[in-house]
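Me: Please pick one part of this model and take a close look at where it sits. I'd like its surroundings too, told as one connected story.

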Protein chains: 2
Amino acid sequence: MNNLKHREGILFVVSAPSGAGKTSLCRELIDSSVDLRQSISFTTREKRGGERDGVDYYFIDTITFQQKIAAGEFAEWAEVHGHLYGTSLQILNAATAQGTDLLLDIDCQGAAQIKSNYQQGVFIFILPPDYAELEKRLRGRGTDDEIVIQHRLENSRQEISQAFWYDYLVVNDDIKSARDKIVAILTAERCRSHRTVYLLDKFTTKGEK
Amino acid sequence: MNNLKHREGILFVVSAPSGAGKTSLCRELIDSSVDLRQSISFTTREKRGGERDGVDYYFIDTITFQQKIAAGEFAEWAEVHGHLYGTSLQILNAATAQGTDLLLDIDCQGAAQIKSNYQQGVFIFILPPDYAELEKRLRGRGTDDEIVIQHRLENSRQEISQAFWYDYLVVNDDIKSARDKIVAILTAERCRSHRTVYLLDKFTTKGEK
């Protein structure tokens, strides 16, 4: 993209219910070299095996996280299963100012907060093919008991009930096909006239080269 | 596209100034089997060698054309170099109702008329890489005299001055790359939530299959 420097970076926000395959899909996207950088969240949860600070997350303690909330440093934050997660406003603003396109992998609550601050963001919701497949994927994860599974299904249904306000719906029936659709969305959004209107400047004056 | 029957067909309207390479690009698009049908215009001009009625244009006489105007049968029409050209409202409505995506290759005037009737249409403007290249392409066409060339350049600049209201701007610096961008726009627009919201129906009731 030669034109990246002429425009603001785009925030591509991707949400999905548990069982839609979002994590693998986001990894595919980042690996497919489409000039997209994954946004790194802050979290108070413990680092898991293999995770690296500043790569997977910025791992911080609860006090520091709360100070950042108080200082208005998050574009969005949420508590999930007792841990805090947040996206730095300063990182988003720096990326958009530099013309860097960011991928934000966040839930509907967080996405709605981003939407209220970044109207120009692009909001993509990943859907499983259907309810039966969603159930199959959630059950296929292991030997969780029925109550846990029913709870996850209900959560997924809750998330899907928010999908209507997203800009795009992409069904993940096949990971390559879903990835290609998202890559197409990136390409299309980069051509949108409100982002590329500077291209017209060359033609407004007579023949200067 | 298994889902075509669930949604209305999309009107993809493509405009470009003379010298932007629109005709070759539209042919590339139709040939690249992206589930897109070219809309066929009515015209009063003479059939040229190789052109077929009902394939390239519907060739009709001026009286018939004027009757169609009077009967409100055109979604857009215009007089260009003394000939009348028009797009049938009935053909557009039938295609959108059947879920067929149409490619309309029309000038800015016509595109603006379509826009006023079909807000949901997708409007794509093709740009030459820059003014120098535009001039080179227009001069390269043959041995036209300077006045004709200056007239074409002025017309092209006029068309480009309308590009700002289109949804997408695509630079045709390389025909394959420009085609790929338009294909990406088709794919993305087919994923837009206002067209795919029916996908959510499967998840609103509990687990029916």
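This is a predicted model: local features need pLDDT of at least 70, side-chain atom pairs count only at pLDDT 80 or more; totals for chains, interfaces and linings use all residues.

Reply: Helices (H or I, at least four residues) and strands (E, at least two) are DSSP runs, numbered from the N terminus. With that in hand, A:H81 is found in the loop between β5 (74-80) and β6 (83-88) of chain A. Residues are numbered from 1 along each chain as its sequence is written, while chains are lettered from A and ligands numbered from 1 in the order in which they are written.

A quick word on confidence and layout. Chain A has a mean pLDDT of 90, with 94% of its residues at 70 or more, and the model as a whole scores ipTM 0.89 and pTM 0.90. Nine helices and nine strands make up the secondary structure of chain A, and its C-alpha atoms fill a box of roughly 70 × 40 × 30 Å along the principal axes. Of its 209 residues, 37% count as buried (20 or more other C-beta atoms, placed from the backbone, within 10 Å; exposed is 12 or fewer, partly exposed in between).

Now the strand. In chain A, β9 covers residues 168-171, and A:V171 lies in it. A:Y168 and A:V170 point one way from β9(A), A:L169 and A:V171 point the other way, and all are buried. The neighbouring partner is β8 (residues 122-127) of chain A, which pairs with β9(A) in the parallel sense over four bridges; strands pair if DSSP finds at least two bridges between them. Opposite A:V171 stands A:L127.

To see where such a strand sits in a sheet, look across at chain B. There five strands form an open, parallel sheet in the order β2-β7-β1-β8-β9. Its edge strands are β2 (37-38) and β9 (168-171), each pairing on one side only. Further in, β1 (residues 11-15) and β7 (residues 102-105) of chain B pair in the parallel sense over four bridges, and B:L11 has B:L102 as its bridge partner in β7(B).

Back in chain A, why does A:V171 count as buried? Because 21 other C-beta atoms lie within 10 Å of its own. Setting aside neighbours within four places in sequence, A:V171 is in contact (C-beta atoms, placed from the backbone, within 7 Å) with A:L127, A:P129, A:A178 and B:L199.

B:L199 takes us to the other chain. The contact between the chains takes 31 residues from chain A and 31 residues from chain B. On the chain A side, α5 (131-139), α6 (146-160), β9, α7 (175-191), α8 (193-196) and α9 (201-204) each supply at least two residues. The largest share, six residues, comes from α7(A).

How do the copies relate? Superposed by least squares on the C-alpha atoms of residues with pLDDT of at least 70 in both, chain A can be laid on chain B with an RMSD of 0.0 Å by a turn of 180° and a shift of 0.0 Å along the axis. That is the relation of a two-fold axis. In chain A, the C-alpha nearest the axis belongs to A:A184, at 2.2 Å. Both copies use the same surface, since 100% of the contact residues of chain A recur in chain B.

Last, the loops. Most residues other than glycine have a negative phi. A:H81, the residue we began with, has a positive phi, near 50°, and is exposed, with 6 other C-beta atoms within 10 Å. A:D35 also has a positive phi, near 60°. Its place is the loop between α1 (22-31) and β2 (37-38) of chain A, and with 12 C-beta neighbours inside 10 Å, A:D35 counts as exposed.

Methods. pLDDT is the predictor's confidence in each residue, from 0 to 100. Two residues are in contact if their C-beta atoms, placed from the backbone, lie within 7 Å.
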